[in-house]
Amino acid sequence: MALILALFQTTKNTKSTKKSLPVLRVLRGKRKYLGDSETPIKILCTSDTHVHPGHLDRFLKAARELRPQLLIVGGDIIPDWKGSIEASIEPHQLWVRNVLLPRLREFRTTHKEIRVLIDLGNDDIAAARPQMEADGGGDLDLLHMRVIEVSENLAVVGYMAVNPTPFLIKDREKPDCRDHDGLSEGRVARAGYVTYSGAATPYTLDFSAGTIEDDLTELSSAMEGPRWGKSSFIFVCHAPPKNTALDLTQSGLHVGSLAVRRFIERWSGTRRLILSLHGHIHEAPWKSGQAWQHVGDVPCFNVGQTPNMLRALFLKTDAVPDSARLVTVTREGKVTVAGQGVWV
Ligand SMILES: [Zn+2]
C-alpha cells in the first residue's frame, strides 16, 4: 500500500483565521514531554460513534464548548449498518454525503481554526470513502496510512485496519503479523467481502494484501526519514494493542493487535511517540476497569463507547496522561468533563 504523506495545511487558512487562532502557550526552559515542540495543543478525540446516529452532533457540541485545536475521530463512524455489506454500501455513501460532510462544513464555518482528523473503521463501508477523499485537506483530513503535520515538531500517524474479527471479513481487516496471523485462535472469520470497487466483492483473508505489521513498518520508516525524523507524534489506531486493558471483550478475551503493540513498543523509550489513541472494543473500560495504560513508556487510551452517552477523551499534549479527562455528552446534549482518574 502506498504511503501517502499528507501535509497538514496549517498555512492555508492563516490569513482568514488569524484573529480567532488560540494563543498557544510557549514553554521555555521547562522540561517537556512533547519532544522539542514548543506548542502544546488541546485534543478532543473519540471513535466508534456508529453506535448512535446522534453521536456525531454530540461530539461537535463538545468541541464547540471545549475548544480544542484538534478533533480526532478514530474509525467506525457510520451508524447505518443494514445487516449485510451489500445492503450497507448505499446507506453508508449517503450518510457520508448527506450527514458527515455537511455537518463538518457547518462546524468549520464557525470554527475554522479547529482541524478535524477522521477516517473509516472496520465497520464502515470503504466504498463510502472516496467522497471523504475528495474533501481531504478541506474540512477534514483522513488518517489511514498517513502522517499528518500538526505543528513543526508534532505529527499524527493514523492507521485504521484491524486484525480479523469473529464476524465477517470486511474492507479493513488484515492478518496481524507474519508470525502471528491473528487467525490461529480459531475464533475469527476468514471469508467475507470488500467494497473498494464500489460493489461487494467476495474476499478470503490471506497474506496477499500484506499484514498490519507490514503497514506499521512502513509508517515507522516514514517517521525515521528526513522529514519526520525529529518530530514527536501521536498514533491514532482503531485497533488497541494486544493483551492490555484496552482490548478486553465482554467475554474476557484480549482481541487487540499484536502488530499494534509491537509498533508502540518499538517507539517506547524514544520520547517521540507521546500518545497512542485507540477504540474498536467498546466495552474494554468496563471489563478492565481502566481506560488507559502505559505500553512501555507510551500512554495508550481507549475510553470505550456507549449508545446512550457519547464518550470522548480530552487532553493537552504537554501533560499526558495527567491532563486526560473523560468527556461525556448525553442525548439531551449536556457536556460533562469528568474529574481526573474517573473513566467509568
Ligand atoms: Zn471497530
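1. Arg-271 sits in the loop that runs between α6 (258-267) and β11 (273-277), and in this predicted model its phi is near 60°, a positive value in a residue other than glycine. With 15 other C-beta atoms within 10 Å, Arg-271 is partly exposed, since the buried class requires 20 or more such atoms and the exposed class 12 or fewer. Gly-269, which follows α6, also has a positive phi, near 90°.

2. Met-145, in the loop between β5 (141-142) and β6 (146-151), is another residue other than glycine with a positive phi, again near 60°. Met-145 has 22 C-beta neighbours inside 10 Å and therefore counts as buried. As background for reading these points, most residues other than glycine have a negative phi, and most peptide bonds are trans.

3. The peptide bond that joins Val-320 and Pro-321 is cis, with omega at about 10°.

4. How many of the ten residues of α6 are buried? Eight of them are, so the helix is largely enclosed by the rest of the structure. The buried positions in α6 are Leu-258, Ala-259, Val-260, Arg-261, Arg-262, Phe-263, Ile-264 and Trp-267, a list that includes the arginines Arg-261 and Arg-262. The elements that cover these buried residues include the helix α5 (212-224) and the strands β10 (232-237), β11, β12 (292-295) and β13 (298-301).

5. The packing of α5 against α6 can be described in more detail, as the two helices meet at an angle of about 25° with their axes 9 Å apart. That angle makes α5 roughly parallel to α6, because angles under 35 degrees are placed in that class, and the crossing of the two helices is right-handed. On the α5 side the contact is made by Ile-212, Glu-213, Leu-216 and Ser-220, which meet Ala-259, Val-260, Arg-262, Phe-263 and Arg-266 in α6. By class, this contact of α5 with α6 holds five nonpolar residues, one polar residue and three charged residues.

6. The residues of the contact of α2 with α3 divide into five nonpolar and two charged, with no polar residue among them.

7. The largest nonpolar core has 91 residues, and within it Ala-312 and Leu-313 are those with the most contacts. Helix α3 gives the most to this core, contributing seven residues. Leaving aside residues up to four places away in sequence, Ala-312 touches Leu-44, Cys-45, Thr-46, Phe-59, Ala-62, Val-303 and Val-327.

How values were computed:
Residues are numbered from 1 along each chain as its sequence is written. This is a predicted model: local features need pLDDT of at least 70, side-chain atom pairs count only at pLDDT 80 or more; totals for chains, interfaces and linings use all residues. Ala, Val, Leu, Ile, Met, Phe, Trp, Tyr, Cys and Pro count as nonpolar, Asp, Glu, Lys and Arg as charged, and the others, Gly among them, as polar. Helices (H or I, at least four residues) and strands (E, at least two) are DSSP runs, numbered from the N terminus. A nonpolar core is a set of buried Ala, Val, Leu, Ile, Met, Phe, Trp, Tyr and Cys residues joined through C-beta atoms within 7 Å. Two residues are in contact if their C-beta atoms, placed from the backbone, lie within 7 Å. Axes are lines fitted to C-alpha atoms, for helices over the stretch in contact, and angles run from 0 to 180 degrees between N-to-C directions. Angles under 35 degrees count as roughly parallel, over 145 as roughly antiparallel, 65 to 115 as roughly perpendicular and the rest as oblique. A crossing is left-handed if the near helix is turned anticlockwise from the far one by less than a right angle, and right-handed if clockwise.
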